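Trainee: I want to learn how to read salt bridges and helix packing in a model. Where do we start?

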Amino acid sequence: MPDLLFGEAAGTTAFAPVVQPLPGAKTDEPLFDAVATPNDSGTRYGRVLFAGVLAAYFAITLYAWLQLGAWPMAAYSLIVLAFAVWSMYADARRRRQAERIRIWPDRTLLERIDGSGRQSASEWQTAWLRLAVVPGGAGGPELRLTSHGRSETVGAFLTGSERLDLAKALARHIGRATAAR
């Protein structure tokens with residue numbers, strides 16, 4: 001069921017391409033199911049096109065600098081190219097991140113994929129789970145799930161307003177799940 005505050009992502013059940021289900025995980029339908037991913041306005045075709053144009057530009061300028069005998073500028077062009085390739089690689093790592101939060105009356109499951117593609121999961125007892133919205137600096141508030149001495153930050157790659165929307169949805173569904181017990 002879609003969540004009105006957090007959008008269609010809160011009602012999604014198609015998370016299989018991002019995070020595989022845990023072995024032995026219960027398959028009953030959660031009260032809340034949200035997938036959070038970093039913002040990405042580009043497409044695969046656009047990124048390939050950008051890389052091609054960038055490579056052609058650097059090949060032409062490198063050839064021109066070498067023909068003019070300006071080898072220091074050619075070296076500088078290679079340094080700039082290395083930085084551009086590094087930034088494209090870092091963007092690919094950022095886009096790989098994902099978090100999935102599912103809430104049942106008896107448990108809450110937080111599954112993560114980091115930039116390296118490593119998967120991790122943590123399970124919490126919903127009745128004891130607390131959501132803290134910690135005021136932050138320029139990046140906006142920080143969302144923390146806490147219970148029994150454990151604490152984890154959720155949605156660090158989201159914008160401040162997206163984190164607040166997620167906090168409202170989580171608070172409502174954690175309260176609803178606790179009341180359903």
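Mentor: Start with burial. Buried means under 20% relative accessible area, and exposed means over 50%. This is a predicted model. Here both Asp-33 and Arg-100 are buried.

Trainee: How do the side chains of Asp-33 and Arg-100 meet?

Mentor: The general idea is this. Side chains of opposite charge can pair when their charged atoms come close. In this case Asp-33 and Arg-100 form a salt bridge, 2.7 Å from N to O. Asp-33 sits in strand E1 and Arg-100 in strand E2, so the pair ties together parts 67 residues apart in sequence.

Trainee: How many salt bridges does the count give?

Mentor: The count comes to 12. One of them joins Arg-107 to Glu-123 at 3.5 Å, N to O. Arg-107 lies in the loop between E2 and strand E3, and Glu-123 in strand E4, 16 residues apart. Arg-107 is buried at 8% relative accessibility. Glu-123 is partly exposed at 46%.

Trainee: Which residues are linked with Arg-107 and Glu-123 in a network of salt bridges?

Mentor: Asp-28 and Asp-106 belong to that network.

Trainee: Now the helices. At roughly what angle do the axes of H1 and H2 cross?

Mentor: Roughly 170°, and the axes come within 9 Å. Angles over 145 degrees count as roughly antiparallel, so H1 is roughly antiparallel to H2. The contact includes Phe-50, Leu-54 and Trp-65 of H1, and Leu-78, Leu-81 and Met-88 of H2.

Trainee: How do the residues of that contact divide?

Mentor: Into 14 nonpolar, 2 polar and 3 charged.

Methods
Residues are numbered from 1 along each chain as its sequence is written. This is a predicted model: local features need pLDDT of at least 70, side-chain atom pairs count only at pLDDT 80 or more; totals for chains, interfaces and linings use all residues. Side-chain values use heavy atoms; hydrogens and water are left out. Axes are lines fitted to C-alpha atoms, for helices over the stretch in contact, and angles run from 0 to 180 degrees between N-to-C directions. Helices (H or I, at least four residues) and strands (E, at least two) are DSSP runs, numbered from the N terminus. Angles under 35 degrees count as roughly parallel, over 145 as roughly antiparallel, 65 to 115 as roughly perpendicular and the rest as oblique. Contact means heavy atoms within 4.5 Å. Ala, Val, Leu, Ile, Met, Phe, Trp, Tyr, Cys and Pro count as nonpolar, Asp, Glu, Lys and Arg as charged, and the others, Gly among them, as polar. A salt bridge is a side-chain nitrogen of Lys or Arg within 4 Å of a carboxyl oxygen of Asp or Glu. Buried means under 20% relative accessible area, exposed over 50%, partly exposed in between (1.4 Å probe, protein chains only).
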